[in-house]
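Let's take a walk through a protein model together. Have a look at the picture below, and then we will go through some of its parts.

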2 protein chains.
Amino acid sequence: MVKFELIHTDKKTGARAGVLHTSRGDVETPAFMPVGTQGTVKTIIPEELKSIGAQMILSNAYHLALRPGAQLIAKAGGLHKFMHWDGPILTDSGGYQVFSLAKLRKVEEEGVRFRSHIDGDMHFFTPESVVQIQEEFLGSDIMMPLDECTDYPCSKSVALSAMERTYRWLQRSIKAKKGNKSALFAIIQGSVYKDLRKQCIDLMGELNVDGYALGGLSVGEDKSATYEIVSHCCRYLPKDKTRYLMGVGKPQDLLESVQYGVDIFDCSLPTREGRTGKSFTSSGEITIRNSLFKEDFNPIDKDCDCYVCKNYTRSYLRHLFNTSEILGPRLNSFHNLYFYLSLMKKMRESILKDSFLDFKKEFMRKYAPS
Amino acid sequence: MVKFELIHTDKKTGARAGVLHTSRGDVETPAFMPVGTQGTVKTIIPEELKSIGAQMILSNAYHLALRPGAQLIAKAGGLHKFMHWDGPILTDSGGYQVFSLAKLRKVEEEGVRFRSHIDGDMHFFTPESVVQIQEEFLGSDIMMPLDECTDYPCSKSVALSAMERTYRWLQRSIKAKKGNKSALFAIIQGSVYKDLRKQCIDLMGELNVDGYALGGLSVGEDKSATYEIVSHCCRYLPKDKTRYLMGVGKPQDLLESVQYGVDIFDCSLPTREGRTGKSFTSSGEITIRNSLFKEDFNPIDKDCDCYVCKNYTRSYLRHLFNTSEILGPRLNSFHNLYFYLSLMKKMRESILKDSFLDFKKEFMRKYAPS
């Protein structure tokens with residue numbers, strides 16, 4: 001069970017401050033979910049996530065079902081216990097992963113058949129099995145239904161057909177759901193076609209779901225197209241439910257989407273770039289391995305008060321990456337997550353003060369001076 | 001400046017409990033130093049090291065001089081500040097690394113010329129330059145002098161010649177030392193030849209050093225030979241100075257050597273095996289990736305009360321290693337270090353109660369049942 005409470009909408013934009021109440025704790029929105037695809041937010045322990053303000057994390061039914069197996073996690077007492085995170089967990093259904101990672105996928109009305117990208121074994125996901133994995137085996141707080149994703153670009157007829165199948169699969173997902181402990185969101189599809197997106201929202205709006213996710217974005221389309229669809233969808237989505245933009249994005253994307261009224265986000269960027277040695281700073285991204293930082297004894301970001309910035313220098317971080325020391329990815333991921341989470345916090349504060357646009361402008365002025 | 005205080009010698013063995021006083025804090029002995037070769041104890045932050053009882057760590061002049069460069073660390077304010085560890089640091093001189101890692105080494109009376117194992121650049125280490133690196137650039141609390149290491153097996157004449165050169169280099173190291181902030185240990189050489197070891201102790205015993213390290217062991221000789229030399233040396237080493245057995249070892253080696261009177265140890269085993277998925281437990285080592293542990297929802301070690309054992313299962317650890325998640329090496333290294341550090345603590349307690357042998361017997365009964 002989750003309940004979204006809209007606290008305040010910024011007077012000048014669509015930006016919303018809210019609280020998503022879950023049985024495992026409240027999530028203040030706009031919120032960013034660190035990504036724990038395989039049952040771990042890469043390099044970081046749950047206590048650290050909490051210490052930097054993470055209130056909900058994302059994990060992935062597709063990956064966990066393949067390894068270590070959903071039933072093993074059920075035996076372990078569920079995903080929360082298995083990975084030692086007692087806050088809420090939203091799990092992605094795996095729809096997107098089947099389309100992006102798996103080999104030889106075959107979509108049928110019944111479900112989707114695919115070869116595991118790990119060992120080549122055949123699997124068959126149906127809307128029902130994917131609900132069972134999340135509800136019964138993993139014990140997710142918020143489940144995502146199986147959806148049919150389209151490539152970009154895709155013709156309108158393909159987009160329509162995938163959207164309609166996603167709708168039928170959502171109906172089956174709702175029926176498959178056994179109890180009320182795990183909430184279920186709908187995934188809005190329709191590619192870059194505004195009328196399809198609207199149609200999808202209208203169709204799904206009549207079903208009893210706990211929130212809405214925007215799927216099929218950031219798959220190759222222009223940024224302006226993404227923003228247009230996000231803005232368009234937010235105009236029609238019910239105000240009393242959570243809006244979740246899947247897999248997005250860069251700091252500037254978060255700001256833009258919050259402005260239109262998106263509430264929650266997930267993205268692997270802060271941890272992925274954390275591992276490859278890219279660091280987010282208030283004046284933009286830097287590549288910490290760069291020889292520029294060899295003797296730079298400043299913190300990653302002078303304006304940041306995270307553990308890493310208080311205790312280590314760019315020079316030290318560079319040394320760690322240069323010598324392939326695991327502490328490098330660990331410290332850099334920690335900093336990047338802190339950067340994202342504190343950005344969300346500041347956005348929320350500005351919304352509550354009706355000064356979101358000022359905040360955004362000031363942030364962008366420093367972050368990406370034009 | 002360091003000062004060793006012998007608190008108690010076990011009534012039935014040579015095992016000693018002491019305190020090594022340093023300007024950066026006391027080190028209770030017998031002590032184990034986690035290894036931070038490149039200026040980081042792999043995967044672990046200093047706060048975690050302290051939380052599990054680490055009081056002194058080891059780092060390495062050879063590695064740091066090559067990367068990021070000793071003078072860079074000096075500019076950063078010294079090694080402690082660079083790596084954010086404010087406790088004492090013992091640095092190895094690099095003698096052993098020159099002999100084990102470097103290519104094309106050439107030993108002259110003046111010093112040792114070698115090619116970096118990283119980029120092939122030529123370097124020249126002298127007793128004086130190695131003291132300067134440790135004292136002036138890194139700011140070590142305890143320095144090791146440059147020594148000449150021999151292979152195993154080696155003839156007595158080669159061992160004698162290396163021991164004598166090591167002695168001459170120690171004399172030069174003492175002269176090169178500028179102040180009293182960094183202590184200097186002697187390194188006892190002499191291969192497996194007891195008379196050479198005794199001769200080395202006699203020679204070096206007349207010089208003013210702050211402690212004695214046993215070098216050139218665990219280089220391929222039989223375990224029984226190692227133990228015989230350790231025991232032999234401990235018989236002749238002055239009682240009022242610290243005894244340090246370099247690069248040793250497994251838990252059973254630590255117990256054996258403490259029994260003869262060794263005070264401090266370093267070894268990369270807990271972190272190296274931590275990364276490769278071997279875990280130390282009170283009933284011996286286990287390979288956590290083993291399919292045996294797939295559905296084992298017990299902690300790594302039931303008798304361990306470390307953070308990892310309190311919060312995670314063998315099954316979860318196995319999953320992390322299986323999916324190449326960095327959290328696996330991190331958690332496992334943490335546990336292994338905890339295991340080592342708590343073993344040292346228990347040894348110390350038993351020495352203070354004159355029950356070291358009972359403790360050792362009981363530990364070994366569980367650890368390696370015969």
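Predicted model: local features only at pLDDT ≥ 70, side-chain atom pairs only at ≥ 80, totals over all residues.

Residues are numbered from 1 along each chain as its sequence is written, with chains lettered from A and ligands numbered from 1 in written order.

Helices here are DSSP runs (H or I, at least four residues), as are strands (E, at least two), numbered from the N terminus. Helix H13 (residues 314-322) and helix H14 (residues 327-352) of chain A pack at about 135°, their axes 8 Å apart; axes are lines fitted to C-alpha atoms over the stretch in contact, and angles run from 0 to 180 degrees between N-to-C directions. Where do they meet? A:Leu317, A:Leu320 and A:Phe321 of H13(A) touch A:Leu327, A:Gly328, A:Leu331 and A:Asn332 of H14(A), contact being C-beta atoms, placed from the backbone, within 7 Å.

Now for the two chains: 29 residues of chain B are in contact with 29 residues of chain A. Helices H3 (70-75), H4 (79-83), H13 (314-322) and H14 (327-352) of chain B each give two or more residues to chain B's side. The largest share, 5 residues, comes from H13(B).
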